[in-house]
Structure formats: C-alpha cells, structure tokens
Amino acid sequence: MVTVTKPLSSTDSPYQSRGLLSTLRRSPLTLLTHLSVIVIVVMWTLPTAGLLISSLRDKEQLAVSGWWTSLSPSTQRLMVRSVPPDAQLEEGGRYVLRGKVSDDQALQVLAFGWSSREPAAYAVGDVAQMRKGQTLSISSNGEYELSSPEPFSGARGKRLFYTAKIPPRFGLDNYREVLTTGGIGQSFINSLTVTIPATVIPILIAAFAAYALSWMAMPGRGLLIALIVGLLVVPLQMSLIPLLRMYNQIGSTFGVDAKSYLGIWLAHTGFGLPLAIYLLRNYIANLPKEIIESARVDGANDFEIFTRIILPLSFPALASFAIFQFLWVWNDLLVATVFLGTGEQQMVLTARLREMLGSYGGNWEVLTASAFVSMAVPLLVFFSLQRYLVRGLLSGSVK
Amino acid sequence: MTGVKLSNIRKSYARNEVLHGIDLEIELGEFVVFVGPSGCGKSTLLRMIAGLESISDGEMYIEGALVNHIPASMRGTAMVFQTYALYPHMTVYDNMAFAMRIAKESKEVIDEKVHQAAELLQLTEYLGRLPKALSGGQRQRVAIGRAIVRSPKVFLFDEPLSNLDAALRVQTRIEIANLKENMPGTTMIYVTHDQVEAMTLADRIVVLSAGKVEQFGSPLELYTNPANLFVARFIGSPAMNILPVVLEQSGPHSLIRFTSGKTLSVPVASELMEEGAELQLGIRSEDLLLSDKLNALLSGEVQFVESLGEMTLIHVKCKESDSIIVAKLVGIIELHKGQTVHLSLMADKVHLFNTEGHSLRYLDQQSCDAGQQAEQPDLVTDNV
Ligand SMILES: Nc1ncnc2c1ncn2[C@@H]1O[C@H](COP(=O)(O)OP(=O)(O)OP(=O)(O)O)[C@@H](O)[C@H]1O
Ligand SMILES: [Mg+2]
C-alpha cells in the first residue's frame with residue numbers, strides 16, 4: 001500500500017514518451033517486479049471493491065447473492081400476506097381480495113404458489129385452484145387476485161408465495177443505518193481521542209531516541225539498541241495483562257482511574273516504541289555524517305541539530321511510521337478492550353461495531369457499511385501523509 | 001600570535017594510534033596545506049582541529065586558548081567538506097544563514113553578510129535555490145560561502161576540490177586564492193592530495209606520513225631542500241630520482257662514487273660521516289643534462305619518451321640505479337626507445353641522504369640554524 005513517488009526530474013522525461021515499450025525492454029527482473037505489483041494490487045483492491053459494493057446494496061439482496069452478481073437482477077423467493085379479509089369485495093357472487101405483492105415498480109413475478117410446500121407451483125397467468133374452490137392468480141407486475149365462493153374470514157390476510165426477479169438496488173440505506181444508530185459519532189470521537197495521541201507521543205519519543213542512538217556517543221549504546229530490537233519480538237498478548245496490573249497498581253497510588261485514556265495512550269506508546277525507534281534509527285543513522293558534522297561546526301548543539309536538520313530530513317520515515325501506528329491503533333480492539341471501559345465516553349469505534357454486530361445478529365449490511373466507515377479515517381491519513389514519502393529528499397547535499 | 005598551535009598531538013582509535021605526536025605552530029593568517037599519502041592522517045588532524053574528533057593526547061591552542069575540551073560548536077572554526085555537506089532542505093540563502101541564525105544574529109546582519117558572500121562567490125542569482133538545483137561547482141561555492149559568512153578564526157578545508165572536474169578545479173582554486181587575499185586575518189588549513197594545489201596556495205606546507213610530520217616549510221623550501229627521502233620523493237612531479245652511492249671522502253664538500261666507479265664532488269657537507277658509508281643520491285629530473293660519453297656520470301637505454309613540446313621527459317634504465325631515471329630536458333629532443341643516452345648532473349643540485357633517509361644538506365642547515373646552542377639536534381648525534 002505504501003507507494004513511493006519519485007519527484008519528477010529531468011532524467012525521467014526520456015522514458016515517459018516511450019512508456020510501455022521501454023518497460024518491456026528492461027530486464028526480466030523489472031518485468032517480474034511489475035507483475036508482482038499488479039498481483040498485489042488486484043489482491044488488495046478486489047476484496048475492498050467487493051466490500052464497497054456490498055455496503056451499497058440492498059440488505060435483502062445482500063443476504064442472498066454475492067456482490068459480483070449485484071449488477072444483474074436477482075431471483076428471490078418471497079412471501080407476503082394478502083390484504084386482510086375486511087377489505088374483501090363481492091363481485092358476481094364471489095368474494096375477492098385484490099392487491100399488489102410489492103410496491104416495487106420494477107419487480108417482475110415469475111411464479112407463485114399458495115402453500116409453503118410448493119411456493120412456485122404456478123407460472124404467472126395461471127389460475128391456482130386452492131382448497132374450498134378458492135382461486136389465486138398473480139400477474140407478472142405483482143398484482144394478485146384471490147377469490148372465494150365463501151366470504152374470507154379471520155383477522156389476517158392469506159399467505160402468498162412468489163418468486164420474483166428483482167432488479168439491482170443500490171443506496172445509502174446501510175450507511176444511514178450505521179451512522180444513525182446511537183453512539184457511532186461518539187465512538188468516532190473516542191477513537192480519535194485514543195489514536196491521535198497514541199500516534200504522536202511514540203513518534204516524538206522515538207525520534208529523539210533514534211537521534212541519540214545514532215549520533216550521540218555514549219557508553220552502552222550498542223547494548224541499548226540490541227535491547228530495543230529484542231523488544232520487537234515480545235508478543236503483545238503476553239504482556240497485556242501484567243501491564244494492566246502494573247498500571248493499576250501504580251495508578252492507584254496516584255489515584256488514577258483503572259480505565260482511562262491515559263492508560264491506553266501509555267500502552268500504545270509502549271507497544272509502538274520499539275518498532276518506531278528501530279525504523280527511525282535505521283533512517284536517521286543513514287543520514288550523511290557530514291551534514292551533521294557541518295551543523296556542529298556551524299555552532300549548532302544537539303537539540304538544534306535535531307530540530308533543524310534531522311527532523312525535516314526524516315519526514316519520509318516519520319510519515320511512514322505515523323501511517324503504521326495510526327492504522328494499528330485505529331484498528332485495535334484488544335488493547336482498547338483491556339484498557340478502556342465500555343461506557344459511552346470510552347467505547348472506541350471497533351468496540352462499537354462489534355457491539356452493533358452482536359445486537360443485530362450478524363447482519364451483513366451493518367458489517368460492510370461500518371467497515372467502510374471505519375476505513376475512511378485511515379485512508380484519509382494515508383493519502384495526506386503519502387506525499388511525504390518521497391525519495392530524493394537528500395539529493396544535492398553530498399556528492 | 002600563533003593561529004593554531006599543536007603540541008605533541010596524538011590520536012588513537014581503540015588501541016590503534018594513527019597520529020604519533022604532531023607539533024606544529026601555524027601563524028595567524030597563514031595558509032597552511034597538509035599533504036601526504038592516503039591514510040596518513042590528514043583528515044583526522046583537520047577534524048581534531050575542528051573539534052569533530054577527540055584529542056587522545058597533547059595540547060591544542062587556537063589563537064592562544066587551549067581548546068582540547070571545547071566542543072566543535074564553540075571553537076569558532078569553519079569547515080568545508082569534500083562532499084559539500086549542504087543542508088539539502090534549505091535554500092542557498094538559508095544554508096549560508098544557518099550558522100548566524102544559530103548564533104542569534106540580527107536579521108539585517110545576516111542579510112548583509114549573506115549577500116556580501118554571495119557577491120564574492122557569484123552566487124547572488126542562486127540564493128533562492130535548493131542545493132539539488134545547483135551544479136557541483138556552485139555547490140562547492142555555497143559550501144565555501146557558508147563558511148566565510150561566519151568570519152571564523154580558523155578556516156578548514158578537507159579536499160574541497162576533489163569532486164570537481166579539471167577546469168572547474170583550476171577556477172575554484174583561483175577563487176580560494178582570492179579568498180585568502182580577502183581574509184588576511186583568518187588562518188586557513190587546507191588538506192589536499194594535489195601537489196599543484198599545495199604548491200600554489202600554501203604559505204607553508206606540512207608533509208605528513210603515517211601520522212608524523214615529515215617536514216613543515218614553504219613550498220620552495222620543500223622543493224629545493226627536502227628534509228628526507230620521503231619528502232624528496234613526495235614533492236615534485238616527476239618524483240626525484242634516487243641512486244645508491246658511496247661516500248669516498250667526507251668534508252665540507254663530499255666526494256661520492258657511483259656504482260659504475262665514477263666519482264663526483266658535491267657541495268654537501270658530510271663532516272660527521274664515516275668514509276665508505278652508503279648514501280642515496282637524489283637529483284631532480286630537471287637537474288639532469290644530456291652529455292657526451294666521456295663526461296657522462298650515468299648512461300643507459302631509453303625506455304620511454306614523453307614529448308610535451310616545451311620539454312621532453314625521457315625515462316632511462318641506468319646501470320647505476322635499480323629504478324628508472326627520469327630526465328626533464330628543455331625543448332624538443334629527438335630520441336627514441338632503445339637508444340643509449342649519456343647524462344650528467346648538476347653537482348650543486350644534488351641531495352644526499354643517509355641510511356635513515358635524512359638529507360645531509362638539511363641536517364647541516366639545521367645545525368647551522370641551531371647556531372652555537374649547546375644542544376645539537378638528536379638527528380645529527382645519532383649518526384656519529
Ligand atoms: N573512525 C576511525 N576508526 C578507526 N580508524 C580510523 C578512523 N578514521 C580514520 N581512521 C584511520 O586513521 C588513519 C588516517 O585517516 P585519515 O582519514 O585521516 O586519512 P587521510 O590522510 O585523510 O586519507 P585520505 O587522503 O585518503 O583522505 C587511517 O589509517 C584510517 O584507517
Ligand atoms: Mg581524508
């Protein structure tokens with residue numbers, strides 16, 4: 001997903017005009033690279049596109065057919081009750097109930113029946129002979145007519161079964177449902193409250209640490225770096241509960257709540273720091289030594305070197321880590337479940353979605369639409385930070 | 001006052017000593033060039049002066065003040081790196097203003113100094129550009145500009161021209177020479193591989209070899225009176241010819257015998273040497289002359305001829321030497337490969353080196369300079 005765009009330079013132009021041809025003429029390895037990129041892109045975008053289409057489909061259609069059939073009409077077996085007997089009319093000695101199986105103008109009935117055992121026993125145009133001399137006919141536009149020699153009795157209408165071809169239906173109903181169901185907006189804000197500090201704090205700490213670990217001579221530096229790399233492999237699940245206990249114990253001596261935003265910020269910071277320091281150190285340690293020495297001779301102290309030279313030059317690394325960390329925290333459910341409560345003021349989006357799914361009994365339309373709602377923010381973050389992921393930031397500095 | 005004074009400066013990396021006690025006194029405003037073969041410690045010494053490397057032992061003074069423990073940012077030096085080391089995210093203007101902004105100079109002062117420097121280096125029209133939009137020569141000028149705006153006490157250059165092509169190198173060399181004129185009070189130290197740069201720019205040259213100072217003197221001094229075999233071979237192109245000889249008779253004038261048996265009296269004092277001692281004779285290629293067979297001191301077969309128009313270089317394989325002798329003859333000389341030539345040499349230009357490689361002429365002069373002081377230099381007493 002992380003694309004690296006190279007700023008246009010004059011050396012690019014000769015290739016642009018020749019395009020594909022020159023691509024093919026390059027080494028087989030390049031071709032292989034391009035092919036694998038295409039495969040990866042397809043593998044990524046296809047399910048995403050499916051999810052998007054599904055989220056826009058009608059929920060009944062979604063339940064019975066896959067998203068790839070969404071453009072062709074679906075054939076569904078449905079049941080309605082006729083109008084109740086109070087509405088019966090007497091026409092030529094027979095009692096008649098008339099109505100329409102559906103309001104949908106585009107609906108096309110193919111077959112019908114009157115018993116659940118044979119829901120499609122009759123084709124449209126046929127007249128179905130029911131018990132006690134009753135008849136039923138349904139026309140292809142959905143109009144039905146029930147007639148009986150005796151008056152219809154009972155409070156409810158009769159059950160009618162029909163098979164209909166329903167044209168594709170798209171709409172934002174699912175989104176409306178997800179967004180208007182209580183609490184989503186609040187959860188959105190809660191998620192941002194967790195994610196933004198949990199992204200910014202580790203970056204700040206890690207950038208300072210990475211600078212110190214690459215450019216400030218100190219005893220035991222190598223050991224410290226090895227320790228941080230070692231922390232990369234500690235599984236989160238293993239440390240979660242001990243961490244929570246520790247936090248609670250320390251927190252209780254300061255009178256801090258067991259479940260609070262501070263706790264989850266600290267937890268995410270802790271879990272994010274090893275990777276952040278590792279990534280940023282790799283980048284910062286590879287900045288040309290002469291630039292830093294030159295700044296030092298120019299009179300800058302370590303802090304000035306860090307803020308004026310290192311930070312601006314490290315944008316690509318900072319941005320890529322910011323994307324990683326933001327995605328990870330935004331999509332996290334586990335840490336949020338452990339460190340945050342379930343109250344309205346603390347429930348994050350992932351927890352909210354899980355709850356909605358639970359109470360709706362696994363309704364697909366909620367899942368698809370809410371997946372897209374929760375993806376929107378990370379996508380926005382990615383595209384706004386993507387322009388910092390540029391190569392050639394250092395060009396012109398050292399030969 | 002001295003600009004930079006080094007006294008017994010040593011540098012070790014782990015247990016590996018790379019500078020073995022350097023003593024130098026560089027005058028205020030002097031332009032000093034460090035030369036020496038690759039890996040001899042030139043850059044290390046320069047970086048120690050800048051404060052980028054710690055000093056393992058010894059004392060360093062800049063304008064009289066001990067700076068051993070003063071960090072690079074407070075030493076008041078400016079350095080031009082071989083790789084330019086411009087700040088890639090800043091414009092030319094910001095690159096030059098950086099040091100003054102760090103020093104919290106006022107906006108007007110910064111603006112004035114940057115424009116002054118830009119004018120001097122013909123960079124005015126590029127002030128708004130990023131380094132990546134500049135050519136190599138322009139980048140190098142920005143690097144120099146960045147150093148001069150600070151009016152440093154000591155100006156350090158580490159092979160600043162080695163990334164430039166030949167024409168640009170000449171041009172930038174002239175610019176550096178002009179800079180030296182414009183900043184008479186600033187001590188400048190310049191590291192280079194290039195002899196021409198060293199000879200043309202330097203007030204004095206320091207020849208370094210394997211972490212030691214071989215000789216410190218003006219370019220012509222080094223050329224005409226090298227202290228030892230190393231300097232003799234290192235300075236000058238083509239390198240000085242070296243031949244083994246034997247001392248026949250010592251005295252204010254020495255009589256030497258070539259391996260061919262021919263003898264020559266040279267005006268080099270060798271009073272303290274034993275007769276029969278083995279010596280090395282050094283003679284510059286331009287001090288060799290074509291001669292007839294009878295008067296020749298050296299004869300051999302021509303191996304290679306380089307005709308350069310104003311002069312001709314001939315490479316001769318002589319019986320008297322294991323290595324090839326190169327003679328620089330004025331004008332166009334018709335000679336070809338395989339021909340036998342006879343050469344004589346100018347006796348007053350001959351250098352003699354003892355078995356330790358020290359020049360007898362240089363030692364003699366040193367002891368004269370030392371005057372009537374009781375202490376004789378160690379070098380001389382060693383050889384008695
Ligand atoms: N950081 C270091 N660690 C260990 N040894 C070093 C280090 N830096 C330099 N040296 C050693 O010190 C010696 C002098 O290095 P220096 O860079 O000063 O050479 P130089 O004269 O500048 O050579 P060149 O002309 O190739 O630039 C070399 O032998 C080098 O291997
Ligand atoms: Mg060097």
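How many helices and strands does chain A have? Select chain A in this predicted model and display its secondary structure: 15 helices and nine strands are present.

Keep chain A selected and colour its residues by relative accessible area. Of its 399 residues, 38% are buried. Among contacts with a separation of 6 or more, 73% join residues 24 or more positions apart.

Now move to ligand 1 and select the residues around it. The set to pick in chain B consists of B:Tyr13, B:Val18, B:Ser38, B:Gly39, B:Cys40, B:Gly41, B:Lys42, B:Ser43, B:Thr44, B:Glu159 and B:His193. Colouring this shell by class shows three nonpolar, six polar and two charged residues. Then highlight helix H1 of chain B, residues 42-50; with three residues, helix H1 gives the most to the shell around ligand 1.

Next, display the side chains that make polar contacts with the ligand. At B:Tyr13, an N or O atom of the side chain is 3.4 Å from a nitrogen atom of ligand 1. At B:Ser38, a polar side-chain atom is placed 2.5 Å from an oxygen atom of the ligand. At B:Thr44, the distance from a polar side-chain atom to an oxygen atom of ligand 1 is likewise 2.5 Å.

Key:
Residues numbered from 1 in each chain as written. Chains lettered and ligands numbered in written order. Predicted model: local features only at pLDDT ≥ 70, side-chain atom pairs only at ≥ 80, totals over all residues. Heavy atoms only, no water. Helix = DSSP H or I, 4+ residues; strand = E, 2+ residues; numbered from the N terminus. Buried < 20%, exposed > 50% of the residue type's maximum accessible area, 1.4 Å probe, protein only. Contact = heavy atoms within 4.5 Å. Near = heavy atom within 4 Å. Polar contact = N/O pair within 3.5 Å; in protein donor to acceptor, adjacent residues only side chain to side chain. Nonpolar A, V, L, I, M, F, W, Y, C, P; charged D, E, K, R; others polar.
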